Amino acid sequence: EVWNPNGKYRVVSTKSMPGTRWINLLVQQDCRVEICTEKKTILSVEDIIALIGNRCDGVIGQLTEDWGETLFSALSKAGGKAFSNMAVGYNNVDISAATKYGVAVGNTPGVLTETTAELAASLSLAASRRIVEADGFMRAGLYDGWLPHLFVGNLLKGQTVGVIGAGRIGSAYARMMVNSCTSGIYDYTFVTKLEKNCQIEGFKMNLIYYDLYQATRLEKFVTAYGQFLKASGEQPVTWKRASSMEEVLQEADVISLHPILDKTTYHLINKERLSKMKKEAILINCSRGPVVDEEALVEHLKQNPMFRVGLDVFEDEPYMKPGLADMKNAIVVPHIASASKWTREGMATLAALNVLGKIKGYPMWSNPNQ
Ligand code: DGY
């Protein structure tokens with residue numbers, strides 16, 4: 001699919017992306033936009049080399065593609081100076097190879113923060129209340145009446161949520177899980193007299209978090225939130241920054257993983273660390289699959305039927321390790337954490353802005369290497 005065939009700069013997108021804002025943006029700035037319409041989901045290095053062709057100024061690519069030495073060398077030979085992943089994560093991109101060939105790399109942070117955190121929250125709720133299992137039970141026609149023991153799960157309120165990786169997404173997830181929107185910050189114009197006397201609460205979980213680096217975002221939130229709770233006289237939830245990851249694993253009832261994937265976080269959750277978690281803990285992963293040793297996880301799920309997971313990402317996507325799909329205590333979804341319309345359109349627009357910025361001689365909107 002080609003837009004503005006006579007445009008001066010040739011920009012290739014390896015996939016069709018939501019919305020038209022990103023296309024308009026490029027077209028208005030004199031770009032010829034070529035969108036690959038190839039049906040297969042994952043393009044090979046050879047497929048992408050063919051797309052780049054002899055002349056290409058910039059490429060918008062996807063996290064399923066292997067952007068290493070071969071592709072950056074091909075892009076550079078074609079005169080290309082810009083590549084943007086349509087993702088915040090860039091573990092599929094070899095930044096040093098890009099630098100070697102003079103190609104700037106962009107990513108798309110920010111617009112997916114809340115959407116991704118919402119999926120982590122959804123999985124936390126779905127796992128704690130066994131929603132997927134219960135749905136399967138209904139559809140199988142097994143429901144023959146209310147029972148005191150039927151699909152009893154856990155109440156999140158009052159439990160402890162553990163966040164590993166307190167960056168943008170981890171912090172947004174933490175806010176969602178601990179927040180308690182009291183009357184003090186509620187818009188009075190829409191509430192009835194009765195509601196005014198109530199506290200309007202979120203999940204109000206206690207929080208423990210761990211990050212190897214600074215956790216400024218989350219720290220700012222907990223400080224402000226603490227002052228607010230104190231002023232409103234509400235009984236505060238508790239929170240602390242853990243001094244080790246083990247502390248989170250031992251204390252939290254729900255643990256959500258939000259680190260980036262690099263060699264220090266590969267198999268961060270392994271057999272030994274799984275064994276440190278509570279027997280009835282819930283583990284959520286919306287970061288990258290290889291952060292968890294999936295084989296060890298399947299074994300752990302088998303041995304501990306009350307342990308639950310909510311997984312959006314897998315070690316070897318699009319595959320799951322044998323046995324995982326059979327586990328009733330696992331909820332699995334296909335890497336959809338950022339899949340809201342607003343976010344995906346935003347990601348496409350930011351990816352286009354990255355490539356356009358570089359082509360026009362400005363900095364990229366977001367360059368993880370800057
Ligand atoms: C990302 O952006 O890195 C997500 O995995 C997909 O939105």
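# Domains, helix packing and ligand shell in a predicted model

Me: How many residues of domain 2 are in contact with domain 1, and of what class are the residues on the side of domain 1?
Reply: Domain 1 contributes five residues to the contact, and domain 2 contributes seven. The side of domain 1 that touches domain 2 has no charged residues. Its classes are one nonpolar and four polar.

Me: Is helix α1 roughly parallel or oblique to helix α13?
Reply: Helix α1 covers residues 21-28 and helix α13 covers residues 341-359. Their axes come within 8 Å and cross at roughly 20°. Angles under 35 degrees count as roughly parallel, so α1 is, relative to α13, roughly parallel.

Me: Is the crossing of α1 and α13 left-handed or right-handed, and which residues of α1 make the contact?
Reply: The crossing of these two helices is right-handed. On the α13 side the contact is made by E345, A348, T349, A351, A352, L353 and L356. By class, the contact residues of the pair are eight nonpolar, one polar and two charged. The α1 side consists of R21, W22, L25 and L26.

Me: Are α2 and α3 roughly parallel or roughly perpendicular to each other?
Reply: Helix α2 (residues 45-52) packs with helix α3 (residues 69-77) at an angle of about 10°, and their axes are 10 Å apart. An angle under 35 degrees falls in the first of those classes. The two helices are therefore roughly parallel.

Me: How do the residues in the contact of α2 with α3 divide by class?
Reply: From α2 the contact takes V45, I48, I49 and I52. From α3 it takes T70, L71, A74 and L75. The division is seven nonpolar, one polar and no charged.

Me: Is α5 roughly parallel or oblique to α7?
Reply: Helix α5 (residues 113-128) and helix α7 (residues 168-178) have axes 8 Å apart and pack at an angle of about 50°. The crossing is right-handed. Roughly parallel needs an angle under 35 degrees and roughly perpendicular needs 65 to 115, so α5 is, relative to α7, oblique.

Me: Which residues of α7 are in the contact with α5?
Reply: On the α5 side the contact is made by T113, E114, T116, A117, A120, A121 and S124. The residues of both sides divide into eight nonpolar, three polar and two charged. The α7 side is R168, I169, A172, Y173, M176 and M177.

Me: What is phi of N4?
Reply: N4 sits in the loop between β1 (2-3) and β2 (9-13). Its phi is positive, although N4 is a residue other than glycine. The value is near 50°.

Me: Which residues surround the ligand?
Reply: The shell around the ligand holds four nonpolar and two polar residues, and no charged ones. The residues are L63, A87, V88, G89, L112 and S338.

How values were computed: Residues are numbered from 1 along each chain as its sequence is written. This is a predicted model: local features need pLDDT of at least 70, side-chain atom pairs count only at pLDDT 80 or more; totals for chains, interfaces and linings use all residues. A residue is near a molecule or strand if its C-beta atom, placed from the backbone, lies within 6 Å of it. Ala, Val, Leu, Ile, Met, Phe, Trp, Tyr, Cys and Pro count as nonpolar, Asp, Glu, Lys and Arg as charged, and the others, Gly among them, as polar. Two residues are in contact if their C-beta atoms, placed from the backbone, lie within 7 Å. Axes are lines fitted to C-alpha atoms, for helices over the stretch in contact, and angles run from 0 to 180 degrees between N-to-C directions. Helices (H or I, at least four residues) and strands (E, at least two) are DSSP runs, numbered from the N terminus. Angles under 35 degrees count as roughly parallel, over 145 as roughly antiparallel, 65 to 115 as roughly perpendicular and the rest as oblique. A crossing is left-handed if the near helix is turned anticlockwise from the far one by less than a right angle, and right-handed if clockwise.
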